[in-house]
Amino acid sequence: MQFTGVSMFSAWIVIGVLCSIVPYSASDVFPPPLKRCKVADESCFVAQAQAFFGAFQRGIPERQVNGLEPIDLGSMRVESGGHSESLQFKLVMSNAKLYNLAKSAVVKSLKGFTKDLSKPLKLTMVMDAPELEVRAKYDVDGKLLILPIVSKGDVTIRLDHVQTKSRIMAEPVKRDDGHTYLNITDYKTITKIKGGHFDMTNLFNDNVELRESTLKVLNQEWNTLAVDVQPKINEACSKAFRSILQNLWKNIPYDEFFEAE
């Protein structure tokens with residue numbers, strides 16, 4: 001499986017670090033167990049990001065930070081047919097949710113924090129997750145080989161051994177209060193997935209033989225399916241994560257992010 005576009009995973013690493021900072025106020029309190037880091041201490045940032053996954057699986061409602069288990073992805077529309085003559089379909093996934101990220105993510109590195117506000121901030125992060133799941137309602141219309149597939153039901157997509165390298169670009173913006181805040185201008189991640197697995201209910205009105213044989217072919221064609229399906233999952237995750245991260249940053253002065261040297 002080759003590296004692909006915008007990922008479902010990147011923002012949570014940066015959120016894990018920056019959620020250790022409260023909106024600018026006299027109290028200046030951190031949500032336990034998180035703390036500030038010195039700007040050059042990458043190991044501290046990695047530790048805080050990892051701690052965030054464990055401590056805030058239900059989010060931080062008072063700061064409008066949504067939960068991590070599960071992550072709401074909304075709806076996705078996938079059209080396949082350009083990569084394999086045997087697989088041609090239109091798939092709509094609704095009420096989609098991502099599971100197991102907070103429980104399984106391992107932060108490997110997080111770099112790019114700086115006190116230089118004269119240019120955009122570029123954060124890069126590497127993270128591994130052994131197994132993730134996307135669960136959704138599905139509506140599919142297409143064909144497998146010569147067999148038509150028109151069905152609705154539940155779909156589970158398992159993603160195995162997910163590796164990500166992410167980039168977030170943020171522009172420092174000075175406001176009337178004299179403080180500088182970050183505005184996200186670009187959000188991209190490349191991902192590599194070792195393998196995956198589809199499971200779908202109600203195929204052919206749950207005719208067991210047809211259902212099992214169809215799923216067998218779909219999973220044998222995982223790499224072909226992933227070319228179309230994986231980027232859509234990544235885009236949905238990116239949209240959700242970017243919104244959460246920007247909402248978190250909008251009231252946090254960047255000059256309040258770090259521990260004093």
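Which residues touch the most other members of the largest nonpolar core? Select L73, L101, I157 and W249: among the 74 residues of this core, these four touch the most other members. Next, colour helix 5, residues 222–249, which gives the most to the core, with 13 residues.

Some ground rules for this stop. A nonpolar core is a set of buried Ala, Val, Leu, Ile, Met, Phe, Trp, Tyr and Cys residues joined through side-chain atoms within 4.5 Å. Buried means under 20% relative accessible area, exposed over 50%, and partly exposed in between, with a 1.4 Å probe and protein chains only. Helices (H or I, at least four residues) and strands (E, at least two) are DSSP runs, numbered from the N terminus.

This is a predicted model, in which local features need pLDDT of at least 70, side-chain atom pairs count only at pLDDT 80 or more, and totals for chains, interfaces and linings use all residues. Residues are numbered from 1 along each chain as its sequence is written, and side-chain values use heavy atoms, with hydrogens and water left out.

**Stop: the cysteines**

How many disulfides does a search of the whole structure find? The search finds 1, taking a disulfide as a pair of cysteine sulfur atoms within 2.5 Å. Select C37 and C44, whose sulfur atoms are 2.1 Å apart. Is C37 buried or exposed? C37 is buried, at 2% relative accessible area. C44 also counts as buried, at 10%. Now jump to C237, which is buried with a relative accessible area of 0%.

**Stop: the strands**

Show strand 4 (residues 121–144) and strand 5 (residues 147–174). They run antiparallel, joined by 23 bridges. Two strands pair if DSSP finds at least two bridges between them. Pick K143 and look across to P148 in strand 5, which stands opposite.

**Stop: the charged pairs**

How many salt bridges are there? The count is 7, where a salt bridge is a side-chain nitrogen of Lys or Arg within 4 Å of a carboxyl oxygen of Asp or Glu.

Start with K137 and D154, whose closest N and O atoms are 2.7 Å apart. K137 lies in strand 4 and D154 in strand 5, so the pair ties together parts that are 17 residues apart in sequence. Both ends are partly exposed: K137 at 44% relative accessible area, D154 at 33%.

Select E133 and R135 next. Their closest N and O atoms are 3.0 Å apart. E133 is buried at 17%, whereas R135 is partly exposed at 36%.

Then take D160 and R158, with a closest N and O approach of 2.9 Å. D160 is buried at 15%, and R158 is partly exposed at 28%.

Which residues are linked in a network of salt bridges? Finish by selecting D199, R211 and E212, which form that network.
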